[in-house]
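The following note is meant for a colleague meeting this structure for the first time. Please read the numbered points alongside the sequence and the model.

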Amino acid sequence: MNDGPSARLMSGTDLAREIVDRAAARAAEVAKQAGRCPSLATVLVGENPASVTYVRMKRRRCQQAGIDSRHVLLPASTTTPALVSTITELSADPTVHGILLQHPVPAHIDERAAFEAIAADKDVDGVTMHSFAAMAFGSPGFSSCTPGAIMRLLDAYQVELTGKHAVVIGRSPILGRPVGMLLLARDATVTFCHSRTTDLPAITRGADIVVAAVGKPEFVRGDWLSPGAVVIDAGYNEGNIGDVAYAEARTRAALLTPVPGGVGPMTIALLLEQTVDAACRQAGL
Ligand code: NAP
């Protein structure tokens, strides 16, 4: 039995519920004032089982919050021009307020070209270069949902960021990079780590805040963490396993996000919130 110190858990479930409730109330207000519910278009290419599940979850949450969802399912053989054309049409459609292209798309598609076809004012998943630049410069815009979710969790648990050393493991355009930019904008000292980083354990041991966004189950070990660190596990691997060795991290960290129930539900909550924001802006409310 382990009787060492135990990290406080950062519950995303409770916080997400509050955000979704607020989004639902605002969605009802938009429907009343604009005569139309906020609407999110979800685009799925192929039928990757995990992606099918994520899109289904997102659509169900939309429905529960009074947000219309329009689903576009395209075959795995879809070409880049065909996908770009579908997204361009959604971007021009005044009945669609937000667009989500489920990531990843099949390997033969130029994902960046597809993301860039999303109109900036409908980029509620925060995946375009426009949204990334806004995040990097601290300008108004839609944040990438998982990075935005992480920042909201840190704020809800009153984690001091100024001057703190944040180590982000992972540099993907939808997660590692943008969360690093958001932390930098809040005056953290940020180190990005990736597959070519040497001596990762030594770097993370120097971190006040660790964000694990690697996509490898239990990759970050307990002895990589300095006692009292704040640990955000953004990973979501098969079997509901995060990127951090949970039991080990609990004995070292001061604060830790559980998987599931940490970053995941917050990501969907931010998507709904940003869809309602988009609908408000487009309706001039
Ligand atoms: P990704 O695009 O595959 O990126 C993984 C990153 O990890 C890359 O930057 C890669 O480095 C780095 N990496 C791989 N092996 C490494 C190693 N041995 N040491 C250090 N870094 C290494 O993944 P992603 O889309 O960012 O997702 C990351 C995780 O977050 C996954 O578990 C995913 O399921 C989860 N996720 C969760 C949510 C949510 O809503 N909770 C949303 C999105 C993603 P290189 O750049 O050098 O290849």
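**Note on the predicted model**

1. Leu175 is buried, with a relative accessible area of 13%; buried means under 20% relative accessible area, exposed over 50% and partly exposed in between, computed with a 1.4 Å probe and protein chains only. Leu175 sits in the loop that runs between strand E5 (165-169) and helix H7 (176-185). Its C-alpha atom is separated by 6.4 Å from that of Thr146, although the two residues are 29 apart along the chain.

2. On the basis of the note: this is a predicted model, in which local features need pLDDT of at least 70 and side-chain atom pairs count only at pLDDT 80 or more, while totals for chains, interfaces and linings use all residues. Residues are numbered from 1 along each chain as its sequence is written, and side-chain values use heavy atoms, with hydrogens and water left out.

3. Six strands form an open sheet with parallel pairing, in the order E1-E9-E8-E7-E5-E6. Strands are DSSP runs of E with at least two residues, helices are runs of H or I with at least four, and both are numbered from the N terminus; two strands pair if DSSP finds at least two bridges between them. Strand E1 (8-9) and strand E6 (189-193) each have a single partner strand, so one side of each is left without a neighbour in the sheet.

4. Within this sheet, strand E7 (residues 209-212) pairs with strand E8 (residues 230-233) in the parallel sense, over four bridges. Ile209 stands opposite Val230 in E8.

5. Helix H10 (residues 263-282) has 20 residues and reaches 28 Å from its first C-alpha to its last, close to the 28 Å expected, where the expected span is 1.5 Å times one less than the number of residues. Of the 20 residues of H10, 15 are buried. Gly284, which follows H10, has a positive phi near 70°.

6. Which residues come nearest to the ligand? Of the 23 residues around the ligand, they are Arg171, Ser172, His194, Ser195 and Tyr236; a residue counts as near if one of its heavy atoms lies within 4 Å. The shell divides into nine nonpolar, 11 polar and three charged residues.

7. An oxygen atom of the ligand is 2.5 Å from an N or O atom in the side chain of Ser195, and an oxygen atom of the ligand is 3.2 Å from such an atom in the side chain of Thr267. The ligand taken alone exposes 930 Å², of which the protein buries 70%; accessible areas come from the Shrake-Rupley method with a 1.4 Å probe.

Key: A polar contact is a pair of N or O atoms within 3.5 Å; within protein, one must be able to donate a hydrogen and the other to accept it, and residues adjacent in sequence count only if both atoms are side-chain atoms. Ala, Val, Leu, Ile, Met, Phe, Trp, Tyr, Cys and Pro count as nonpolar, Asp, Glu, Lys and Arg as charged, and the others, Gly among them, as polar.
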